[in-house]
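Dear colleague,

Please find below the structure that I am handing over to you.

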Amino acid sequence: TGDVSRREVGNVIATVKADSIVSASPITNVGELLQGRTAGVQVLQTYGVIGGSPNIRIRGIGSLSGSNEPLVVIDGARFSNENEPGNVSGIRQNRLSTIDPEEIESLDVIKGPSAAALYGTAAANGVIIIKTKHGRAGSTKWRVFAEGGASAIPDNYPANYWSFGRNITNGVTGTAAIHCTLAASAQGQCVIDSTTSFNPWKDPRTDPFQNGPTSRYGAQANGGNDQIRFFVSADRDVETGPYKMPAFEQNRLITERGFTPNGTQIRPNQLHQTSLRGNFTFSLAKNATLDVTSGYQDRENLTPFDGTFFQGLSNQLFSAPGFVTASNGTAGQFVGDIFSVGQREQLERFFGSVTANYTPRAWLQLTAGGGIDNANSNNAQFQFPGQGPTTSAWGPTAAQGFSGVDITRANSLQYT
């Protein structure tokens, strides 16, 4: 790790000037900064869930079984980009998405074999070098920003279809109505006499989508003199995903439970993050400097019950028959019960680095640095008694009243 001169690298380094892009575009994560701006870098975004993390591939896939994620270095120190421990959301969540784009000055992408030569085998998938903003000598300059918008998801999902018919036995058509599939009809096992269709993605009783408000605001200051230069920033990100419990389901649950569903059940996809940063450069002597960088993130991310769970939203709506079922057109679970399963990821993270530079001669520069990356996560999946799916959806059984909580706590500490 550490800073590397361009002439030490045998391959062309792709550079993205983040500060100019962020000031002109609604960038929310590092993946969006890289997407479409660097040749040979693929950014594969997750489906429309607020808080999801993209997959980043530099020059394609290098392994079928191991990780293909690049090494991430911030201000000369290695940054842990591991998958979030205890992630039950069914979507990809890693810690690169916690970095605030407003704090980034530039990104360098090293693609060739020189990445592994400089940073070891951990850089076999390439390296992303992030440089955060630093102060410049002069009067203090303030920047205050605020932006708002809406999260949306295309809802042009096709309708589901169901074919009815009669069995054919020894050439005789029966009288009882059955579900006659196209495959069975082609084999002469039954004959289709009618079809029905229903779209649970668009019917007001089951439509799970509605645009959600998003906002970001913060302030930055930088300045200093010949002895000390500083950059400090504070940023608050509040986003609501494009998921909302239908009003029909809210009324059904009020009648069933006797009280209104809580806010996280009505809006099961939310992101709240506070980011703080302080970077300082000290002039120890005419030919010696000390750089100190520090960043802190406090993040809470709620995601809807979906992913690979059969009782989750996507499976319940995609696999539903083409008619209105007892659960209003889903495969078996009411949308309101699906949204009543809570999934919460909480993360507190501190990342910092110290770099000392000494130039005893014009042709000689000595550099020593170190870094720390400390993260504490508390992730949970829960279902309250009498709320949520009435079958074993993700763990709790009938003996447990289909209610319970699954908590994963993890603390990681990495030195560079």
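**Salt bridges**

The side chains of E105 and K131 form a salt bridge, with N and O 3.8 Å apart; the term denotes a side-chain nitrogen of Lys or Arg within 4 Å of a carboxyl oxygen of Asp or Glu. This pair links distant parts of the chain, 26 residues apart: E105 belongs to strand β6 (residues 104-110) and K131 to strand β7 (residues 127-132). Strands here are DSSP runs (E, at least two residues), numbered from the N terminus.

The model is a predicted one, in which local features need pLDDT of at least 70 and side-chain atom pairs count only at pLDDT 80 or more, while totals for chains, interfaces and linings use all residues. Residues are numbered from 1 along each chain as its sequence is written, and side-chain values use heavy atoms, with hydrogens and water left out.

E105 also forms a salt bridge with R136, at 3.9 Å between the closest N and O atoms. R136 lies in the loop between β7 and β8 (138-151), 31 residues from E105. E105 is buried, at 16% relative accessible area, whereas K131 is partly exposed at 40% and R136 is exposed at 52%. For these classes, buried means under 20% relative accessible area, exposed over 50%, and partly exposed in between (1.4 Å probe, protein chains only).

By the same rule, the count comes to 16 salt bridges. D100, R216, D235 and D237 are linked in a network of them.

**The sheet β10-β9-β11**

Three strands form an open, antiparallel sheet in the order β10-β9-β11; strands pair if DSSP finds at least two bridges between them. At the edges are β10 (172-179) and β11 (190-198), each pairing on one side only. Strand β9 (residues 160-169) pairs with β11 over eight bridges, and Y161 stands opposite S197 in β11. A salt bridge of 3.1 Å (N to O) joins the side chains of R166 and D193, which lie in β9 and β11 respectively.

**Strands β15 to β17 and Q383**

Strand β16 (residues 342-361) pairs in the antiparallel sense with strand β15 (residues 288-302) over 15 bridges, and with strand β17 (residues 364-383) over 18 bridges. A hairpin of two residues joins β16 to β17.

Q383 is found in β17 and counts as buried, at 4% relative accessibility. Its side chain reaches the backbone oxygen of Q387 at 2.9 Å, and a polar atom of the Q383 side chain lies 3.2 Å from the backbone oxygen of P389.

Yours sincerely

Key
Helices (H or I, at least four residues) and strands (E, at least two) are DSSP runs, numbered from the N terminus. A polar contact is a pair of N or O atoms within 3.5 Å; within protein, one must be able to donate a hydrogen and the other to accept it, and residues adjacent in sequence count only if both atoms are side-chain atoms.
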